[in-house]
Amino acid sequence: DLLDPTNDNISIVEDPKSGDVSLPGATLVEIRDQQSFLELLQLGEAHRYAANTRLNTESSRSHALLMVHVKRSVKGRELAHSSQNGNSTNIAKSLRPTLVRKGKLVVVDLAGSERIDKSGSEGHTLEEAKSINLSLSALGKCINALAENSAHVPVRDSKLTRLLRDSFGGTARTSLVITIGPSPRHRGETTSTIMFGQRAMKVENMLKLKEEFDYKSLARKLDIQLDKLIMEHERKQKAFEEEIERITTDTQNQISEAERNYADAME
């Protein structure tokens, strides 16, 4: 977790119905403005690990992934309903949940594939290079399967492909940027990267808006209304009891006065 480096045990959860991917153990921060967003980006970048190799003085030793969840209430979308009178219409409106449109922006910085004989990686850096290459290979297999309309897409072969399963071949709008070097020495890697980009261009996504009713917000609204009704009921109950007590006292006073008047008249 680049926002909390001490958190190194993050599970990947997939919704069996929608296919959405979430990371319940990762740090989640609510963003209110652009400045706080940029500060979080800088914090994550500062925690990212890089190492010196023969090819790059600051070679990224892992992929980096940023998920931004956005929610927006949709106005002008009314639930169809029928009512018998104006009162029931007002009640129906007050009980109508808000329609929320959900979006997720996923920005991924993939670490570059490494030729060990060129990078000269050793020890822990070598193990990191192997993990990077394996995950990139798994991503390539998924892209190939999608480009060929294969019935089976091996998205579960790596954590990277599991995290990106709803970004390629799913309901998202996806952009892929590939980078290559001008040196003839890396002609093989350049060709492989370009071919990967060409295969990725064949993948078709089915864009789909994700909207749902905000029942949690409705529940909070109903709780507030219920509290107000309880307070109003208690106020009216207290006023009613005070009125009963006043009437009882007045009645008793009138009876006492009538008894005194009767006694005086008898004398």
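## A first look at the fold

The protein has 7 helices and 7 strands, where helices (H or I, at least four residues) and strands (E, at least two) are DSSP runs, numbered from the N terminus. This is a predicted model, in which local features need pLDDT of at least 70 and side-chain atom pairs count only at pLDDT 80 or more, while totals for chains, interfaces and linings use all residues. Residues are numbered from 1 along each chain as its sequence is written, and side-chain values use heavy atoms, with hydrogens and water left out.

Of the 267 residues in the protein, 21% are buried; buried means under 20% relative accessible area, exposed over 50%, and partly exposed in between (1.4 Å probe, protein chains only). Among the contacts with a separation of 6 or more, 65% are between residues 24 or more positions apart, a contact being heavy atoms within 4.5 Å. The accessible surface comes to about 20,000 Å², and carbon and sulfur atoms hold 53% of that surface; the areas come from the Shrake-Rupley method with a 1.4 Å probe.

## The second largest pocket

Which residues line the second largest pocket? They are Lys71, Arg72, Ser73, Val100, Glu212, Phe213, Asp214, Tyr215, Lys216 and Arg220. Strand E5 (64-73), strand E7 (210-214) and helix H7 (215-266) are the elements that give two or more residues to this lining. The lining divides into 3 nonpolar, 1 polar and 6 charged residues. Here Ala, Val, Leu, Ile, Met, Phe, Trp, Tyr, Cys and Pro count as nonpolar, Asp, Glu, Lys and Arg as charged, and the others, Gly among them, as polar. A pocket is an open set of points on a 1 Å grid over the protein atoms alone, with protein on both sides within 12 Å along at least five of seven lines, and lining residues have an atom within 4 Å of a point.

Glutamate 212, one of the lining residues, sits in strand E7. Its relative accessibility is 38%, so glutamate 212 counts as partly exposed. Leaving aside neighbours within four places in sequence, glutamate 212 is in contact with Thr98, Leu99, Val100 and Lys102.

## Residues to visit

| Residue | Relative accessibility | Class |
|---|---|---|
| Alanine 51 | 9% | buried |
| Serine 158 | 12% | buried |
| Asparagine 149 | 67% | exposed |

Alanine 51 belongs to strand E3 (residues 50-51). Alanine 51 and threonine 125 are 74 residues apart in sequence, with their C-alpha atoms 7.6 Å apart in space.

Serine 158 lies in the loop between helix H4 (123-147) and helix H5 (159-163). Beyond its neighbours within four places in sequence, serine 158 is in contact with Ser135 and Ala138. Asparagine 149 is found in the loop between H4 and H5. The phi of asparagine 149 is near 55 degrees, a positive value in a residue other than glycine. Most residues other than glycine have a negative phi.

## A region from the record

UniProt, in an unreviewed entry, lists residues 230-261 as "coiled-coil region"; such annotations may be inferred rather than shown by experiment. In this model, the span of residues 230-261 is 100% helix and 0% strand, and its end C-alpha atoms lie 46 Å apart.

Technical notes: On a 1 Å grid over the protein atoms alone, a cavity is a set of points where a 1.4 Å probe fits but cannot get out, and a pocket is an open set with protein on both sides within 12 Å along at least five of seven lines; lining residues have an atom within 4 Å of a point.
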